[in-house]
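Colleague: I am new to this structure and would like a close look at a single part of it, the place where the two chains meet. Please take me through it carefully.

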Amino acid sequence: MSGSKFQKAEKILLKNVTIIDDGYNEQKQWDIFIIDGKINAINPTSEKTDFNGAVLDLSGKLALPGLLDMHVHFREPGREDEETLKSGAHSAMAGGFTAACTMPNTNPATDNREVIEFILDEMKNHLFSIYPIAAITKDQQGEKLAEMAELVDAGAVAFSDDGKSVANSLLLRRALEYSKMFNVPIIEHCEDAHLVGSGDMHEGFVSSNLGLAGMPAIAEDVIVARNLMLAEYTGGKIHIAHISTKGAVDLVRQAKDKGIDVTAEATPHHFSLTDEAVRSFDSNFKMNPPLRSEEHVAAIIEGLKDGTIDAIVTDHAPHSIEEKDAEFSAAPFGIIGLETALGLVAKQLVKPGILSWQDIVQKMCKNPYRILGLEAPQIKAGEIANLTIIDPAGEWEVDKFNMKSRSRNTPFHGWKLPVRAFAVLNNGYFYLAEK
Amino acid sequence: MSFKRKHLLGLEDVSAEEITHILNTAETFKEVLARPIPKVPTLRGKTIVNLFYEASTRTRFSFELAEKRLSADTLNFSTSTSSVKKGESLRDTAQNIEAMKVDMVVIRHSAPGAPHYLTQCIKGSVINAGDGCHEHPTQALLDMLTIRDKYKYLKGLRVAIIGDILHSRVARSNIYGLTTMGAEVALCAPQTMIPYEAEKWNVRIFNDVDEAIAFADIVMALRIQMERQTQNFFPTLREYHNYFGITKERLDRANKKITIMHPGPINRGIELDSDLADDDRYSVILNQVTNGVAIRMAVLYLLGGELQE
Ligand SMILES: [Zn+2]
């Protein structure tokens, strides 16, 4: 099978695979029969193969329900040089995802029916599913609500002005109240613009050393606190995007105990790297929220472990080489992340015993779908074959020159990661990642 | 010792041995500067570019003079960062420099890490002549040379750096250099101008100038940028001067021998009173300027070390 293109999953037998989903014993191996993109049957592994279709021996591999990255930036429309919907999808499939939610900071912004329709149309008949997130406010300007009802009708699954907070608390209150009618979450990028100012990195001893303007952790905390209070007051659904501070994790934990309708997500870079990395002045370590210090990283890991943080997302943010190749303060924020996410999750969370693969399925599939009010894939006869196959012994070295994304801005170039995506199936198609 | 560095980007990771070696080398160049014809052929045939993205007459003249005294060929490039689109110009310029086969680049830039970035773009040696709020290593070296001239040693001396520490590359380089050399350092400023977790530098922190003066053998005043006032780092220049200005009255009250330094240019009557700046019983500010040339000669000479013979 060719590695570069996906093909029709008409008749495939996935043999000897370990299934990571509810109801399956991880010690056992299974044969998954797929016909016309649907799971036809799942049987205990047996030797007889009178099946007349493609047979793939997956001994030693794991089958997970298809992973969803609920926070990516695919830059189309507007900056197709950095990423298109299709190149982003390709990058995601290579990283083991079958679906993603695209953030609305495109150009034009995803604040109207036409852009949503364009995105969905572009991805019609594709293995990869895109669930667009629409802007909360017109052109993400933080001044006027976007036409939320129509956007939901068109296919938006959530709202966000990601890239910044909705600074006006009254407007955010209205958004929380209005979006309740459709039961979709408001996803907030939590950052007090005044406290952050023109900051370039986490405010801490490292920023003091480097003389780079700091972005204090408390700039995130105060907005998280405000948002939780507004969510409690309105009964709206708030989702905290790329949570990065200890204070914010503590606040979300308390809010969940109180019964506030809040969920939260964290990125692999925020549990894999600290602000010490910025000492290199390499702009691939520049992202927003910034890489934080050790205590914050520990709090993120603790939050993932105890369930305070529901989802793992990449915040995949492609930037052109020309834009990233600059002095640190002149470079834009953001890194790509789809092709390294699973490996980092394995290296930082699964191998050290912090989370199991079952937990990862929750954080990267079930919870994201639940947060968005969508039905999560299940590995079960009769269901669509929406699967992520991973090789838990597939150690590989990250090579930024050998990626499917159109951009190269990864801080993990040269890292050895223990696990690699092997294949994905979805929407009647099958894609075998290159080895 | 032999000096193995290719670049001088900052003092944070420079050892006491290396600093001593630079200071000693500068001493020998001070002798050169005292000659009737203060010029040596050390860097003849070598090309140095002075890349100044930020106006700085003093530092640029000091480097230029040092380069001329060492017989290097020099090119000057100056522009303000604000007049060029951020980011683009440095990369473009770096490519041109590379094409011209330049041996060394002296760079002043408003972005912290710009010299580090330049080392990725070109093959020659890079000398940081001030990168944003990060480092200004040759300034700290000339400060240390000036202190050593007067006291003959650095270890155990108490130096209070007073003023806008948060935005000061001079302060950072001096904190690293002086503490490496065994001096005791204190910082004194309004709390808004003390960097986050500054105590981790192993320095004392004062918000009271009288306490800082009482602590210090040497007071290093920093220039206050007028626009900090509009950014609310302090309410007014008047209040700044009244509470953080270094004045004759304060020194008299402290009643002790003290040395005054300033990297210049001075806002007279704001961070430092005019009569103190000009009084050579206290001030070594002009010695700093002279030592600047010797230090820059030493640094250029040591980084261009493999060029001789
Ligand atoms: Zn984002």
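Modeller: This is a predicted model, and what follows should be read with that in mind. Where the chains meet, 21 residues of chain B are in contact with 16 residues of chain A, and the two chains bury about 1,600 Å² between them, with 54% of that area on carbon and sulfur atoms. Within the area that chain B buries against chain A, B:Pro112, B:Tyr117 and B:Tyr196 supply 31%, more than any other three residues.

Turning to the polar side of the interface, there are 10 residue pairs in polar contact between chain B and chain A, counting pairs with both residues at pLDDT 80 or more. The elements of chain B that give two or more residues to the side touching chain A are helix H3 (88–99), helix H4 (114–121) and helix H6 (169–180), and H4(B) provides the largest share, 3 residues.

As for charged pairs, the count between chain B and chain A is 2 salt bridges; one of them joins the side chains of B:Arg91 and A:Asp325, at 3.3 Å from N to O.

Conventions: Residues numbered from 1 in each chain as written. Chains lettered and ligands numbered in written order. Predicted model: local features only at pLDDT ≥ 70, side-chain atom pairs only at ≥ 80, totals over all residues. Heavy atoms only, no water. Contact = heavy atoms within 4.5 Å. Buried area = accessible area lost by both parts, 1.4 Å probe. Salt bridge = Lys/Arg side-chain N within 4 Å of Asp/Glu carboxyl O. Polar contact = N/O pair within 3.5 Å; in protein donor to acceptor, adjacent residues only side chain to side chain. Helix = DSSP H or I, 4+ residues; strand = E, 2+ residues; numbered from the N terminus.
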